[in-house]
Amino acid sequence: MKPITVLVSVDSNSVLLGARHFLNYLRDLVKEYNLSDTVDVLETGSMGTYPEGVIISILPDGVFYVVKSEADVKKVFEEHVLKGRRVLELEVPGYKIKRSVEVEKVAQETRIVLKNVGEIDPTRIEEYIARDGYFALAKALQMKPEEVIEEIKRSGLRGRGGAGFPTGLKWEFTYKASADQKYVLCNADEGEPGTFKDRLIMEGDPHSLIEGMIIAGYAVGATKGYIYIRGEYYSSIEILRKAIDQAYEYGFLGNNILGSGFNFDLKIRLGAGAYVAGEETALIESIEGKPARPRLKPPYPPTFGLFGKPTVVNNVETFVNVPRILLNGADWFRQFGTESSPGTKVFSLVGNVVRKGIVEVPMGVTVRDLVFKFGGGVEGGKKLKIVQTGGSAGTFIGSDKLDVPLDFDSYMKNGVSLGSGVILVADETHCAVDLALTVMRFFEHESCGKCTPCREGTRMAVQILERISRGEGRKGDLDLLREIARNAGETSFCGLGQSIPVPLLSIVNNFEDEFKAHIGADKCPVGVCEFKKKTVKRKLGVKKW
Amino acid sequence: MRDVIVEIVRKARESAEERDILINTLHEIQKRFKNFIPPEAAEILSEELNVPLSKIYEVLTFYTMFSTKPKGRYVIRVCESLPCHVEGGREVVKALKETLKIDFGQTTSDGMFTLEMTSCLGLCGVAPVIMVNDEYYGNMTPEKVKELVDKLRGDVK
């Protein structure tokens with residue numbers, strides 16, 4: 001170890017503020033001053049968040065600085081590193097750094113999926129291996145494929161993409177289908193507003209995903225895999241590419257993996273901006289070089305998937321659970337979560353909440369705990385008004401339903417969806433009509449247009465909601481919205497249109513009073529919607545006295 | 001131009017199966033021609049891959065990340081999803097439209113900026129977020145929008 005270490009915190013917040021650039025600049029400075037033998041400049045994960053600046057720390061002194069520009073970096077370098085003088089105006093005391101959820105492992109957090117995130121350097125396969133990486137693969141290759149599937153089935157793992165289908169069962173269907181070629185696909189097309197867990201998993205621990213996919217390939221008899229990833233996720237793509245190359249180098253991918261005779265190739269395919277591509281058959285169409293329009297089901301992908309061959313499609317989080325289960329056993333996994341939904345869930349906390357970020361907790365956690373315990377409550381001491389759980393296609397609830405436990409069955413039991421694990425908090429300054437309009441605009445924009453109920457239904461819903469938020473709502477508007485929701489839900493072609501009733505009905509029903517208060521009123525009751533000024537119609541004729 | 005496309009297709013073929021390279025190839029072409037896919041390039045690609053031109057345009061127009069028209073020097077994508085919306089995204093969108101004096105899908109007359117709507121960028125921890133070309137900017141406010149646009153304009157001069 002060199003006498004002086006400069007740590008630069010690079011995470012989702014500080015990257016935006018130029019952290020990587022500062023890191024490179026520091027390295028240049030070290031070279032420029034010929035200090036390569038004395039000073040190490042290292043990239044590290046989040047040290048916490050501090051508004052408006054990147055945190056760097058100088059060891060062994062243990063001093064934190066917040067830098068905003070190259071000039072700041074240079075000043076810290078020249079003063080502190082070269083001359084040993086503290087730069088008081090840039091220094092921040094450690095306790096003032098607001099710790100984000102990623103760093104502050106809240107007491108009850110249970111890390112299975114996020115075990116390595118923030119703990120290892122994602123660009124070095126050695127660090128992953130040092131934490132039992134690829135041990136599960138080695139173990140799996142000594143088992144029969146049926147045994148691997150049986151273990152996953154016994155664990156009760158259900159798909160983390162939103163639908164919650166039992167993973168082991170999906171694998172078994174694919175295993176039983178006979179074909180000359182089978183495929184494993186990872187759905188990393190994370191387009192759900194508010195969800196960014198998959199991105200952080202891929203960027204923090206790419207090898208866990210790769211290992212999970214190889215195991216899936218071995219279990220179902222597939223020799224080729226694809227990661228279909230959002231085109232906008234530049235850094236995830238870069239990190240995954242590097243990780244795949246390293247896995248090939250070490251013999252975890254390619255031919256005769258670990259001398260077992262099993263071959264598996266893995267490639268990355270980019271999405272190009274289409275929310276509907278997250279639907280599994282639409283995703284398959286997209287990889288085949290077509291517009292991402294969903295297929296009619298059945299047949300399902302386990303029998304007729306990519307290029308018409310049997311295909312397993314799982315979400316990033318699902319695959320990452322696999323190596324942990326194989327290594328520790330199904331019984332170990334079942335001790336977390338609930339009977340019908342074992343394991344943990346990675347939630348994204350967003351909106352008006354104090355600590356935004358991701359948190360991993362056992363299934364069955366309540367919405368209240370997520371918002372107040374893990375999220376630190378509502379920002380600015382305001383009152384909580386609306387929570388949307390599960391993403392865009394999730395439910396809007398008021399504070400009366402905060403104690404509902406979240407697992408895959410909570411929607412059926414209590415009408416609150418788990419979905420992809422988004423918890424979006426809106427405080428008292430927000431208007432239900434405005435939120436409904438925003439979410440329906442999203443659906444209108446993302447509808448692929450293939451079927452009428454979804455394409456036209458979303459458009460009509462937007463028009464009606466716009467009317468209400470302009471102050472021109474009519475009496476039967478709420479019933480009309482409900483009817484559109486029901487129609488889209490019952491007659492749409494794919495999951496996108498079918499899920500429209502969930503957000504739309506939940507917000508109209510749970511906040512009916514607020515919708516009604518807009519209709520026939522002079523101004524938005526919350527003061528958010530901009531009502532069109534009414535032109536006063538004068539009645540002609542004789543005034544009544 | 002043909003050489004460029006042929007080279008891109010050859011590289012894609014090396015790393016992929018014949019039938020699954022269209023979208024990846026289009027990404028490459030778009031990158032090569034700054035931020036759009038010229039009609040000629042689509043025609044050459046159609047010949048090289050032996051895929052009807054209509055099929056290529058079907059894909060091109062379906063996905064929001066592809067463009068058949070040249071865009072401005074800076075493409076500004078702004079997220080209008082709920083997580084950004086509840087954190088003041090609406091004001092940011094308004095400020096962008098006012099500062100640039102254009103609507104979504106339009107390019108400023110000097111060819112500097114194109115404004116686009118995007119769905120979630122996965123950076124909701126620092127909402128509202130906008131993206132300028134490959135760079136992300138978080139915790140946006142109307143004031144920061146004006147500063148950023150001025151700065152980008154100044155960088156060119």
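Reply: Two strands count as paired if DSSP finds at least two bridges between them. Helices (H or I, at least four residues) and strands (E, at least two) are DSSP runs, numbered from the N terminus. The model is a predicted one, in which local features need pLDDT of at least 70 and side-chain atom pairs count only at pLDDT 80 or more, while totals for chains, interfaces and linings use all residues. Residues are numbered from 1 along each chain as its sequence is written, chains are lettered from A and ligands numbered from 1 in the order in which they are written, and side-chain values use heavy atoms, with hydrogens and water left out.

Me: Which residue of S3(B) is the bridge partner of Val78(B)?
Reply: Strand S1 (residues 74-79) of chain B pairs with strand S3 (residues 130-132) of chain B over three bridges, in the antiparallel sense. Within S3(B), Val78(B) has as its bridge partner Ile130(B).

Me: In what order do the four strands of the open sheet in chain B lie?
Reply: The pairing in this sheet is mixed, and the order is S2-S1-S3-S4. Strand S2 (113-118) and strand S4 (135-137) of chain B each have a single partner strand, so one side of each lacks a neighbour in the sheet; they are the edges. From one strand to the next the twist averages 25 degrees, with axes being lines fitted to C-alpha atoms (for helices over the stretch in contact) and angles running from 0 to 180 degrees between N-to-C directions. The order asked for is S2-S1-S3-S4.

Me: What is the order of elements in chain B from the N terminus on?
Reply: Chain B contains six helices and four strands. Its C-alpha trace spans about 50 × 35 × 25 Å along the principal axes. From the N terminus on, the elements run α-α-α-α-β-α-β-β-β-α.

Me: Is Ile21(B) buried or exposed?
Reply: Ile21(B) sits in the loop between helix H1 (2-15) and H2 of chain B. Buried means under 20% relative accessible area, exposed over 50%, and partly exposed in between (1.4 Å probe, protein chains only). With a relative accessible area of 2%, Ile21(B) is buried.

Me: What percentage of the 157 residues in chain B is buried?
Reply: Contact means heavy atoms within 4.5 Å. Among contacts in chain B with a separation of 6 or more, 62% are between residues 24 or more positions apart. The buried share of the 157 residues is 54%.

Me: How many bridges join S1(A) to strand S2 (residues 39-44) of chain A?
Reply: Strand S1 (residues 4-9) of chain A has five of its six residues buried, so the rest of the structure largely encloses it. S1(A) pairs in the antiparallel sense with strand S3 (residues 54-59) of chain A over four bridges, and Thr5(A) has Leu59(A) as its bridge partner there. S1(A) runs parallel to S2(A), where Val8(A) is partnered by Glu43(A). The bridges joining S1(A) to S2(A) number six.

Me: With which side chain does the side chain of Glu317(A) make a polar contact?
Reply: Glu317(A) lies in helix H12 (residues 316-328) of chain A and counts as buried at 0% relative accessibility. Leaving out residues up to four places away in sequence, Glu317(A) touches, among others, Val113(A), Arg160(A) and Asp198(A). A polar contact is a pair of N or O atoms within 3.5 Å; within protein, one must be able to donate a hydrogen and the other to accept it, and residues adjacent in sequence count only if both atoms are side-chain atoms. At 2.8 Å, the partner side chain is that of Lys197(A).

Me: About how much area do chain B and chain A bury between them?
Reply: Contacts involve 42 residues of chain B and 59 residues of chain A. Buried area is the accessible area (1.4 Å probe) that two parts lose on being put together, summed over both. Of this area 56% is on carbon and sulfur atoms, and the total is about 4200 Å².

Me: Which residue of chain B forms a salt bridge with Arg293(A)?
Reply: A salt bridge is a side-chain nitrogen of Lys or Arg within 4 Å of a carboxyl oxygen of Asp or Glu. The rule finds four across the interface of chain B and chain A. With the closest N and O atoms 3.2 Å apart, the partner of Arg293(A) is Glu58(B).
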